[in-house]
Amino acid sequence: MRILLGVGGGIAAYKAAELARALMERGATVETVMTRSAREFIQPLTFASLTGNKVITDLFASGSSDQDTLSSAIEHIRAARDNELLLVAPCTADLLAKFAHGLADDFLSTTYLAFTGKIVLAPAMNVNMWNHAAVQANLATLRARGHIIVEPEAGYLACGMTGPGRLAEPKHIAEVAVRALQQREDLSGETVLISAGPTQEPLDPVRYISNRSSGKMGYALAEAARDRGARVILVSGPVNLTAPAGVEVVRVRTALEMRDAIIGRLPEASIIIKSAAVADYHVAKVPEQKVKKTAAKVSIDLDPTPDILAECGRLKGDRILIGFAAETQNMVAEARRKMEVKNCDMVVGNLVSERGIGFESDNNAVTLVLRSGEVEQVAVAPKREIADRILDQITKLRLAAVQ
Ligand code: C5P
């Protein structure tokens with residue numbers, strides 16, 4: 001693993017030294033590029049000593065007497081070619097803007113443009129800067145370009161303010177970078193059909209029944225499957241999320257629309273993941289006019305919606321079918337029951353009663369219940385990491401099926 005570590009000029013620059021060490025502990029060879037302002041915070045010699053490699057600075061100067069710094073007019077091309085991953089930490093607001101807009105006025109930004117490998121950016125800045133629309137727009141551009149952003153943590157910042165902006169833990173950044181490099185294209189050739197989000201079941205033209213699903217788990221699965229080389233079709237209920245670039249999105253509202261979209265696209269799919277929280281009941285005949293308020297009690301007559309997962313189970317053939325089971329109790333037993341009844345290969349169970357995980361949250365903790373009887377507990381982690389653990393099991397199921 002050959003990693004080019006770009007160090008930006010922020011107070012967190014000192015943590016990049018710990019990051020360099022963490023990368024090397026994980027078996028990477030590290031070459032460092034420092035911006036001019038990074039050198040105001042930390043000396044190149046620190047990185048040269050830690051990595052055993054010369055440090056590239058912004059000096060386009062011959063005649064630099066510093067033995068541990070190196071640069072030349074074509075050095076950025078060499079650095080871009082010789083490394084597999086560019087990791088920038090701390091990535092300042094200025095660097096995010098340069099990368100997003102293709103400015104190339106120093107060594108790191110020219111290297112960025114010349115770089116064709118994977119890119120991981122770990123921003124750190126003041127909370128108001130982080131929240132600024134310009135910074136968020138640049139981040140959206142860079143995410144859409146397929147770069148991995150290691151989100152800053154919330155906490156006490158050097159400026160005395162509190163909020164998101166603090167560089168993520170060096171060990172965590174190193175883990176993300178190494179995993180990005182190790183990630184195989186192990187789903188290439190597969191078409192993954194994913195359902196995500198809630199459904200809305202109208203009661204009349206202005207009211208509906210829905211649930212607390214945010215769609216984040218399904219969107220994380222779509223992003224992870226795309227990154228692993230799959231073609232992805234995402235059938236999404238109404239959510240407030242931006243679809244990952246390169247993923248085909250089919251937007252639906254009701255359980256019936258979701259059923260038609262899933263069953264319609266099923267022939268194309270080799271893997272089906274039903275992470276949507278589909279409403280179990282709906283009003284079969286929705287009134288055409290808004291229902292008027294009266295003083296009387298009302299009751300609503302609800303019919304069951306079609307069970308899409310069960311229908312997929314009947315139609316699946318040799319496709320891999322994954323269901324979800326959000327439960328408030330007896331999760332493993334319920335997941336097993338669903339797997340049998342709906343003919344799934346795996347059911348992802350999560351207890352929704354625990355605080356801070358599951359619905360609406362960025363984190364989740366799940367139990368993977370497999371047809372073989374195997375049960376894997378996945379501890380609390382960002383939904384993107386959970387998505388990769390789910391896909392790891394799917395690739396194992398695929399291997400087992402072809403053997
Ligand atoms: O039985 P339960 O609804 O709890 O099962 C949840 C699983 O079934 C999820 O994978 C969900 O997407 C799917 N489901 C479905 N159609 C429904 C209800 C749930 O496909 N009408």
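Here is what to click on, stop by stop.

You're looking at a predicted model, in which local features need pLDDT of at least 70 and side-chain atom pairs count only at pLDDT 80 or more, while totals for chains, interfaces and linings use all residues. Residues are numbered from 1 along each chain as its sequence is written, and side-chain values use heavy atoms, with hydrogens and water left out.

**Stop 1: the domains.** Colour 2-182 as domain 1 and 191-402 as domain 2; such bounds come from an automatic or database domain assignment. Their centres, taken over C-alpha atoms, are 37 Å apart.

**Stop 2: the ligand.** Helices (H or I, at least four residues) and strands (E, at least two) are DSSP runs, numbered from the N terminus.

**Stop 3: polar contacts.** Show pairs of N or O atoms within 3.5 Å. Which backbone atoms turn up 2.8 Å from a ligand oxygen? A polar one of Leu309 does, and so does a backbone N or O atom of Phe324. On the side-chain side, an N or O atom of Thr305 is 3.3 Å from a ligand nitrogen. The protein covers 86% of the 440 Å² of accessible area that the ligand has on its own (Shrake-Rupley method, 1.4 Å probe).

Stop 4: Most residues other than glycine have a negative phi, and most peptide bonds are trans. Now select Ala89 and Pro90: a cis peptide bond joins them, with omega about -5 degrees. Pro90 belongs to strand 5 (residues 85-91). Finish at Asn330, a non-glycine with a positive phi of about 45 degrees, in the loop between strand 18 and helix 13 (331-341).

Definitions and conventions
Polar contact = N/O pair within 3.5 Å; in protein donor to acceptor, adjacent residues only side chain to side chain.
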